[in-house]
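Subject: Structure handover

Hello,

Here is the structure for your files. Please open it alongside this message.

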Amino acid sequence: MIKHASQIALADDSSPLAAADVIPADDEHIAPAPRISVQAFCETVETAAAVQAASEDRRLYKTHVKIQMGGLATAIEAYRSSPTPNVIVIESDNRGEEVLAGLDQLAEVCDAGTRVVVIGRINDVTLYRELTKRGVSEYLIAPVNTLDVVRAVCGLFVAPDAKPVGRILAVVGAKGGVGASTVAHNVAFAIARDLALDAVVTDLDLAFGTAGLDYNQDPPQGIADAVFSPDRIDTAFVDRLLSKCTDNLSLLAAPATLDRVYDFGADAFDAILDSLRNSIPCVVLDLPHQWSGWTKRLMTSADDILVVASPDLANLRNAKNLVDLLRTARPNDRPPYYCLNQVGIPKRPEISPADFAKALEDPPLAVIPFEPQMFGTAANNGQMIAEVSAGHKTAEMFLQLAQVLTGRAEAKRPRAGMLSPLLSKLMRRS
Ligand SMILES: Nc1ncnc2c1ncn2[C@@H]1O[C@H](COP(=O)(O)OP(=O)(O)OP(=O)(O)O)[C@@H](O)[C@H]1O
Ligand SMILES: [Mg+2]
């Protein structure tokens with residue numbers, strides 16, 4: 001399937017183009033676009049609809065997108081008297097020469113620094129070369145889907161030699177105390193140790209967070225220093241606030257003190273996450289069980305979400321509400337994952353994983369048993385399950401979760417190879 005200009009040279013003109021949206025592959029990562037302005041000039045309602053849907057995608061949350069009908073001619077007219085935005089998207093149904101002539105006229109009224117994305121119907125290498133010569137940043141072949149537009153706009157702001165940016169995984173409990181933080185910390189530990197990916201756990205339960213205790217750390221600084229000094233945030237500043245837990249794992253700790261209250265605006269953590277995303281391959285957000293502007297935003301803007309639920313009715317209802325809301329808010333993403341935890345408490349009537357699967361239209365990613373002795377020992381010693389019970393099947397579960405959530409099938413350590421048949425099954429479900 002041909003979507004990008006860079007692929008045109010290999011194009012087979014008869015390739016069918018899927019108009020339907022596609023969820024990005026596990027290994028595709030589209031970094032969010034910065035706070036820029038985009039103006040689109042569309043000739044067809046289909047393209048206008050794709051750009052409109054793209055403007056609502058989480059990766060363009062910060063971007064201002066304006067859409068109007070009318071292609072090149074309308075754009076040229078519009079910019080005669082007004083300044084150009086950061087990005088202009090132009091749809092043109094015209095033949096090659098007409099597109100090029102129109103772009104030459106547009107160039108005369110275009111401010112330097114404005115990038116131009118063209119959506120056209122002609123799949124031709126010569127045209128592509130001419131467009132490149134004129135400084136067109138991207139050429140998409142219509143029909144385009146939502147993600148084509150998201151990918152093109154976001155791609156303009158990634159340096160060509162930039163290493164893959166960080167993925168953000170948000171972990172949240174369907175109810176308080178279900179073990180969301182425990183799961184987040186153990187999964188992050190496996191990501192760092194077994195998959196050898198640099199990871200940062202961000203403890204967003206500022207008043208009561210336990211990441212410091214769980215990793216046996218008592219850092220003097222952490223997330224509060226960043227969120228209360230928004231003007232100072234850059235990679236170097238955030239780096240200094242991290243405390244190192246293991247070779248590949250760092251912690252942005254919660255103060256866990258009550259000397260102030262922690263009420264934040266919806267975008268309070270945006271700058272911190274942008275900064276982490278630029279330098280850390282995997283950021284695990286340990287979210288408190290709470291529904292507010294900023295927790296909602298962190299969930300909707302994460303790359304992946306893991307809802308942790310224990311098997312009772314309130315958890316089932318809340319998990320379903322969360323998953324439903326997030327599915328709707330993130331139509332171009334994989335649905336949120338969920339896992340069950342603290343399963344099998346003696347004498348407790350429980351709702352089965354099959355019933356969860358039915359209600360949530362998806363099987364749980366893991367069913368973690370209730371093991372008070374092992375989890376209690378780990379919590380009291382400031383250790384992870386893999387440290388107190390290496391090789392235990394629950395430790396293996398955290399590793400499997402880590403693998404699925406990072407989209408990595410192979411682990412650094414040979415024993416993980418044994419998990420791969422199961423893993424590929426798990427991954428196929430997405
Ligand atoms: N599978 C398990 N078996 C036994 N105990 C568990 C299990 N998972 C977590 N726990 C214990 O449950 C308690 C609550 O865990 P945790 O703090 O991770 O929950 P949480 O959902 O993050 O809670 P909060 O709502 O306070 O953020 C901890 O004492 C933890 O050790
Ligand atoms: Mg917690």
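The notes below go from the whole chain to single residues.

This is a predicted model, in which local features need pLDDT of at least 70 and side-chain atom pairs count only at pLDDT 80 or more, while totals for chains, interfaces and linings use all residues. Residues are numbered from 1 along each chain as its sequence is written, chains are lettered from A and ligands numbered from 1 in the order in which they are written, and side-chain values use heavy atoms, with hydrogens and water left out.

Overall make-up

The chain has 17 helices and 13 strands. Helices (H or I, at least four residues) and strands (E, at least two) are DSSP runs, numbered from the N terminus. Of the 430 residues in the chain, 51% are buried. Buried means under 20% relative accessible area, exposed means over 50%, and partly exposed is in between (1.4 Å probe, protein chains only). The chain exposes about 19100 Å², and carbon and sulfur atoms supply 53% of that area. Accessible areas come from the Shrake-Rupley method with a 1.4 Å probe; for residues, only the protein chains shown count as cover. Among contacts (heavy atoms within 4.5 Å) with a separation of 6 or more, 77% are between residues 24 or more positions apart.

There are zero disulfides, a disulfide being a pair of cysteine sulfur atoms within 2.5 Å. C42 is buried at 1% relative accessible area, and C154 is buried at 2%.

Cores

A nonpolar core is a set of buried Ala, Val, Leu, Ile, Met, Phe, Trp, Tyr and Cys residues joined through side-chain atoms within 4.5 Å. The largest one has 46 residues, and F269, I272, L276, L285 and V307 have the most contacts inside it. Helix 12 (residues 313–329) gives the most to this core, with five residues. Beyond its neighbours within four places in sequence, V307 touches V172, A174, A319, L322, V323, Y337, Y338 and C339. A second, separate core has 45 residues, among them V201, Y215, C245 and L249.

H185 sits in helix 6 (residues 180–193). What does H185 touch, not counting residues up to four places away in sequence? The list is V201, T210, A211, D214, Y215, D286 and M384. H185 is buried, with a relative accessible area of 0%.

Ligand 1

Ligand 1 is surrounded by 16 residues, and the closest are G177, A180, S181, T182 and N341; a residue counts here if one of its heavy atoms lies within 4 Å of the molecule. Polar contacts are pairs of N or O atoms within 3.5 Å; within protein, one must be able to donate a hydrogen and the other to accept it, and residues adjacent in sequence count only if both atoms are side-chain atoms. An oxygen atom of ligand 1 is 2.9 Å from a backbone N or O atom of A180, and an oxygen atom of the ligand is 3.1 Å from a polar backbone atom of V178. A nitrogen atom of ligand 1 lies 2.9 Å from a polar backbone atom of P369. On its own, ligand 1 has 630 Å² of accessible area, and the protein covers 75% of it.

In helix 5 (residues 146–155), nine of the ten residues are buried. These buried residues pack against strand 1 (37–42), helix 1 (45–55) and strand 5 (138–141). At the start of helix 5, a side-chain oxygen of N145 comes to within 3.0 Å of the backbone nitrogen of L147.

Helix 2

A75 is in helix 2 (residues 72–81) and is buried, with a relative accessible area of 0%. Leaving aside neighbours within four places in sequence, A75 contacts F41, I90 and L106.

Backbone angles

Most residues other than glycine have a negative phi, and most peptide bonds are trans. N216, in the loop between helix 7 (211–214) and helix 8 (223–227), has a positive phi near 55 degrees. N216 is exposed, at 57% relative accessible area. E361 also has a positive phi near 55 degrees; E361 is in the loop between helix 13 (353–360) and strand 13 (367–369) and is exposed at 56%.

Regards
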